[in-house]
Amino acid sequence: MEPTAEQAAIRDVVREFAAEEIRPSAQEADREGEFPEDVWDGLGDLDLAGLTTPEEYGGYDADRVTYALVNEELAHGSLAVATALSVHCLATSCIAEFGSDEQRERWLPEMATGRPVGAFALSETHAGSNPAGMSTEACRDSAEKTSADPREATDASRDGDEYILNGDKQWITNGTRAGVAIVFAKTDRDDPNSVTQFLVPMDADGVEVGKKEDKLGLRASDTVSLTFDDARIPAENRLTEEGRGLAAALSILTGGRIGIAAQAVGVAQAALDAAVEYAGDREQFDRPIADFQAIRHKVADMHTRTGAARLLTRDAARREEAGEDVRIEASMAKYFASETAVDVANEAIQIHGGYGYTTDFPVERFYRDAKITTIYEGTTQIQKDVIGRGLLE
Ligand SMILES: Cc1cc2nc3c(=O)[nH]c(=O)nc-3n(C[C@H](O)[C@H](O)[C@H](O)COP(=O)(O)OP(=O)(O)OC[C@H]3O[C@@H](n4cnc5c(N)ncnc54)[C@H](O)[C@@H]3O)c2cc1C
């Protein structure tokens, strides 16, 4: 399952970029809680902001294996950066896959340069693992109508040229940086099948960005709530037919999960690399700790599990590229790779001893960052549910 020459060439470019431009400042970005915008601009210069955007709209149109390779290499440098790009790609993929020609023309060429940044707003305070339970609503209304309560829209106004959005989204990555968000909302509050996706410019009236969450890890990535208070969105910004949004979200997230699995592999590899280097340098009992069998066995387990996670991830990506239904494979990859990343980072701290517990070494960040890969884009429990259901039903 080796990459093709072209895939390997892109991987090598991103590997070098991560080593030279991302990793050196990753610890500081984490400490400051600031996203490295200069790195983002560098990604734009490398055409990576258009990684999944079709070529005709100025993108790179990467195949799914390349997408996984890029995510792994970026996450080896910084998970915050890889996450920002993968969420941007969720947004551009929604537009590329479900948008009209006009919507693609309007948004994709610019987004392929990296600005505006995209966000993907599905989760809510009370609707995480179960997005169908969302309560954000979109009511169709005419521009002239000024009712304070959009839910009072008359039948005559249901064909209006605007939607009025009300509700809140939670945990939105890129939320402070984004110029546009893909927002999922119900067009009928009582019907879980009425979820619809909208392209929402972040500067639209009635869109408010909440404060940044103070998180365990992924601290350089901005995660915020969004509030829609009678936000008027032109009807032409609807991305799918009414009621097609949830299926669209789930299909985009299946591919997204392979990207998260690849990111987890990147974090695990970074932790393993740090542990190997440290084990060679650190001496106790007059010899490098790498001489102790206990340390060698730890490194052997870390390497084996990271390799297995990479193979599962690549296999899922290859099958997705071949057009197979990869819901089970994507969940297997995400479940195994994310739990592996947590375990490998944990062992990397152990190999560093007390120093691993300080911010002088990056392994504590790898550990904190790895944990999120078991949660976002579907928790480990949800991945197991997808796998089990897929096999048993
Ligand atoms: C840093 C960060 C960034 C994020 N970025 C985004 C983003 O950009 N866009 C976005 O839309 N969302 C984003 N999310 C949201 C993320 O996808 C959700 O947090 C995740 O889906 C889990 O939802 P929840 O937090 O509401 O947990 P819950 O759904 O409340 O789950 C709580 C616990 O219950 C378990 N559980 C729930 N249902 C079941 C079940 N059926 N069977 C077994 N166990 C179950 C879960 O596994 C978990 O252990 C982000 C989250 C974080 C923390």
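Domain bounds here come from an automatic or database domain assignment. The views below show a predicted model.

**View 1. Domains of the protein.** The assignment gives domain 1 (5-111), domain 2 (118-242) and domain 3 (247-392).

**View 2. Residues around the ligand.** The shell around the ligand draws at least three residues from each of domain 2 (118-242) and domain 3 (247-392). Of its 22 residues, those that come nearest are Ser123, Gly128, Ser129, Thr379 and Gln381. Two or more residues of the shell are given by each of β1 (117-121), β3 (162-173) and α10 (380-392). By residue type, the shell holds eleven nonpolar, eight polar and three charged residues.

**View 3. Contact of domain 1 with domain 3.** The C-alpha centres of domain 1 and domain 3 are 20 Å apart. Domain 1 puts 22 residues into the contact, and domain 3 puts in 23 residues. On the side of domain 1 that touches domain 3, at least two residues come from each of α1, α3 and α4 (79-98). Helix α3 has the largest share of this side, with ten residues. The residues of this side of domain 1 comprise ten nonpolar, six polar and six charged.

**View 4. Packing of α1 on α3.** Helix α1 (residues 5-32) packs with helix α3 (residues 64-77) at an angle of about 20 degrees, and their axes are 7 Å apart. Angles under 35 degrees count as roughly parallel, and α1 and α3 are therefore roughly parallel to each other. The crossing of α1 past α3 is right-handed. Residues making the contact include Ile10, Val14 and Ile22 of α1 and Leu69, Val70 and Leu74 of α3. The contact residues of the two helices divide into ten nonpolar, four polar and four charged.

Notes: Residues are numbered from 1 along each chain as its sequence is written. This is a predicted model: local features need pLDDT of at least 70, side-chain atom pairs count only at pLDDT 80 or more; totals for chains, interfaces and linings use all residues. Axes are lines fitted to C-alpha atoms, for helices over the stretch in contact, and angles run from 0 to 180 degrees between N-to-C directions. Helices (H or I, at least four residues) and strands (E, at least two) are DSSP runs, numbered from the N terminus. Angles under 35 degrees count as roughly parallel, over 145 as roughly antiparallel, 65 to 115 as roughly perpendicular and the rest as oblique. A crossing is left-handed if the near helix is turned anticlockwise from the far one by less than a right angle, and right-handed if clockwise. Two residues are in contact if their C-beta atoms, placed from the backbone, lie within 7 Å. Ala, Val, Leu, Ile, Met, Phe, Trp, Tyr, Cys and Pro count as nonpolar, Asp, Glu, Lys and Arg as charged, and the others, Gly among them, as polar. A residue is near a molecule or strand if its C-beta atom, placed from the backbone, lies within 6 Å of it.
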